[in-house]
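Dear colleague,

Please find the structure below.

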Amino acid sequence: MSDAAIIIVMSTITTGIMLGVIFSLVAVGVTIVYGSIWMPNAANGQFFLLASLLAWSASVSWGLHPAVAALLVIGASVPFSYLLEILLVRRFYDVPNRNVSYFVLTLGITQILAGIFSVTYGVWSDQFQLPPIVPGVTLFGPFPIANNRLASMGIATILLAALFALLRFHRYGRALRAVFQNREAAALRGVDVRAIYRMSFILGNGVIFAGGVLFACAYSVDLTVAWTMAVTAFAIMIIGGPGSVLGALVIGMVFGFTQAIVSIFASPTIAAFSYLGAMLVILLFRPSGLFAR
Amino acid sequence: MTPTLNRWLPHAAFAVLAFGAPLLLSGNRYFAFIAGITLISVLWATGMNLLYGYTGLMPMMFAGIAGISAYMTIGLAAIGWSFWGAMLVSSLAASLIGVILGLPSLRLRGFYFTLCSLVIQTVITLGFVYFVNLTNGDTGISQIPLPEMPGGGSLSGLAYDMVLAALAVIGTVVLTLIVHSQFGRRLVAIREDDGLAETLGIDVTRQKMIAFFVASVFASIGGALYAPYVGFISPRSFDVLVSLNIWLMVAFGGRGTIWGPVFGAVLLAPVPFLLQDYYTIKDVLYGLLIIGVIVMLPAGIAGGLKGPSRKAAPATLKAERAQ
């Protein structure tokens with residue numbers, strides 16, 4: 001293979017992995033919340049963007065080290081989610097058909113955050129990128145890749161593995177799956193359903209925030225990423241099966257590679273059309289998704 | 001005699017208001033324009049009410065259908081069609097496209113229908129952006145020519161407002177006729193319990209499809225008239241937030257009543273214009289209202305203040321499907 005061909009292949013692979021881990025992270029965050037609380041979080045894209053923008057402010061405007069800024073923003077997601085849970089989410093825990101109420105509620109949050117961003121960050125700049133956490137470039141044969149991007153990729157992969165282990169083997173993960181499968185049976189077996197709900201909401205949003213921060217480390221972010229991410233994460237959740245973490249992981253990676261490969265030949269819009277088409281087909285013929293439990 | 005009179009009295013009052021407001025405001029073109037936009041919103045909210053208020057469907061692709069009709073009307077008018085012929089053909093075509101796109105999802109219930117319609121709306125918006133030679137992409141189409149009048153000249157100013165007022169009134173009359181017909185009662189049965197409606201021998205999907213077509217006609221006519229009235233459209237004029245705002249007018253005013261959504265539209269449609277320089281606050285304000293409606297006013301202003309419905313047994317005791 002010529003150098004040019006190697007560079008194209010390597011760049012497709014790294015972009016695929018990078019997008020794949022970010023998509024998977026956000027989709028896992030969405031699916032944990034939907035799987036437990038029954039809350040389709042349409043605001044996931046805005047939360048993702050919020051994390052990117054806050055990390056940008058903390059590192060660029062306040063001059064913090066980007067790693068510190070990243071940890072600070074992910075930490076800040078905990079009180080943020082807790083406050084939302086107390087103010088809004090908690091009210092609907094016992095409401096029948098609450099997924100529609102939650103959907104509209106999170107669309108309301110989407111509109112508020114989008115409005116705020118467009119009069120603040122939208123005025124200040126149109127591209128946001130964090131300063132590199134790790135400087136330098138590594139060469140793979142003729143192909144250069146920023147160490148920073150490698151670091152983001154590594155951290156995201158470790159996070160995904162940790163999440164998978166947590167949900168599969170830890171007590172909390174078992175309780176979460178029990179609540180998803182049968183809320184009242186889980187309650188009868190001594191699971192504190194409300195505590196699990198609260199934990200899932202906080203954990204899910206934390207994961208989405210982590211995705212946003214890592215994305216802003218690797219790529220520059222603009223305000224339109226929020227809506228794309230929201231729809232993509234929903235598509236991944238529906239195709240993988242709502243509530244299925246394995247489904248979110250696998251389909252997230254598939255989507256990442258699809259986008260990387262399609263972007264070589266055509267515009268990303270074509271990739272978006274293909275996700276949405278796949279999602280419609282799944283919704284119509286197998287609404288429980290490919291990895292349903 | 002009296003019950004009929006009682007039924008149509010509010011329509012007469014609304015007609016007086018709808019025709020009167022642009023007349024009174026005709027001295028100030030800006031305020032008359034706001035009245036015109038409000039009348040289009042009334043038409044849209046009435047169509048959305050048929051689906052959300054009476055059938056229990058939440059169609060997030062409502063604005064997309066209006067957009068298809070608007071783009072198509074402009075396109076046909078540009079190749080020499082009469083505006084009115086173009087509007088008629090485009091409205092029917094857009095409604096049919098809406099039904100064809102929505103047909104498979106009409107089998108789905110509740111949240112899954114809403115999600116499906118959101119996906120379809122996103123596809124439509126992406127289509128508006130992507131097919132640049134038809135829609136001029138993100139730049140949008142400006143300087144849209146006004147509709148022509150039968151006797152020559154073009155429809156503008158007060159005359160245009162009167163057409164919009166007439167359509168808003170016709171919209172409420174059509175909705176009232178539907179609601180009081182057997183078809184309307186079937187829709188309400190579907191809204192209350194589609195499983196039970198099916199058991200009673202109602203063809204649920206078919207009824208939903210007809211309701212969806214009628215509502216799409218409302219959306220399309222509104223879209224076709226919106227474009228020349230404002231003079232500019234872009235994919236943002238018909239994106240998911242527009243659907244959500246029309247939904248908000250219905251939910252805030254009071255779903256499932258004839259006049260609640262009309263009131264909601266009259267209250268909310270002028271807001272972005274009255275805020276003038278601060279119009280970007282509109283998004284934040286609408287978002288807060290959406291949350292307020294969901295949390296405190298599930299039945300809208302017409303239904304009064306109530307908490308989230310807790311009619312059913314606490315879900316801890318209630319069997320739930322796993323998705």
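Predicted model: local features only at pLDDT ≥ 70, side-chain atom pairs only at ≥ 80, totals over all residues.

Gln143(B) lies in the loop that joins strand 1 and helix 7 of chain B, where helices (H or I, at least four residues) and strands (E, at least two) are DSSP runs numbered from the N terminus. Gln143(B) is exposed, because 6 other C-beta atoms lie within 10 Å. The classes are as follows: a residue is buried if 20 or more other C-beta atoms lie within 10 Å of its own, exposed if 12 or fewer, and partly exposed in between, with C-beta atoms placed from the backbone. The phi of Gln143(B) is near 50 degrees, a positive value in a residue other than glycine. Most residues other than glycine have a negative phi.

Residues are numbered from 1 along each chain as its sequence is written, and chains are lettered from A and ligands numbered from 1 in the order in which they are written.

The pLDDT is the predictor's confidence in each residue, from 0 to 100. Chain A has a mean pLDDT of 88, with 99% of its residues at 70 or more.

Phe140(A) stands opposite Phe143(A) of strand 2.

In chain B, a second residue with positive phi is Asn136(B), at about 60 degrees although it is not a glycine. Asn136(B) is placed in the loop between helix 6 (132–135) and strand 1 of chain B, and it counts as partly exposed because it has 17 C-beta neighbours inside 10 Å.

Leu146(B) belongs to the loop between strand 1 (141–142) and helix 7 (157–179) of chain B. Beyond its neighbours within four places in sequence, Leu146(B) is in contact with Ser154(B), Leu155(B), Ser156(B) and Pro228(B), contact meaning C-beta atoms, placed from the backbone, within 7 Å. Leu146(B) and Gly231(B) are 85 residues apart in sequence, yet their C-alpha atoms are 7.9 Å apart.

The buried residues of helix 4 of chain B include Phe83(B), Met87(B) and Leu101(B). Seen down the helix axis, the buried residues fall within an arc of 150 degrees, so they line one face of helix 4 of chain B; the arc is that of the directions from the axis to the C-beta atoms. These buried residues pack against helix 3 (62–78), helix 5 (110–130) and helix 10 (204–230) of chain B. The face turned away from the buried side carries the exposed residues Gly85(B) and Ile100(B).

Finally, 38 residues of chain B are in contact with 44 residues of chain A. On the chain B side, helix 5 supplies the largest share, 11 residues.

Yours sincerely

How values were computed
Contact = placed C-beta atoms within 7 Å. Pairing = 2+ DSSP bridges.
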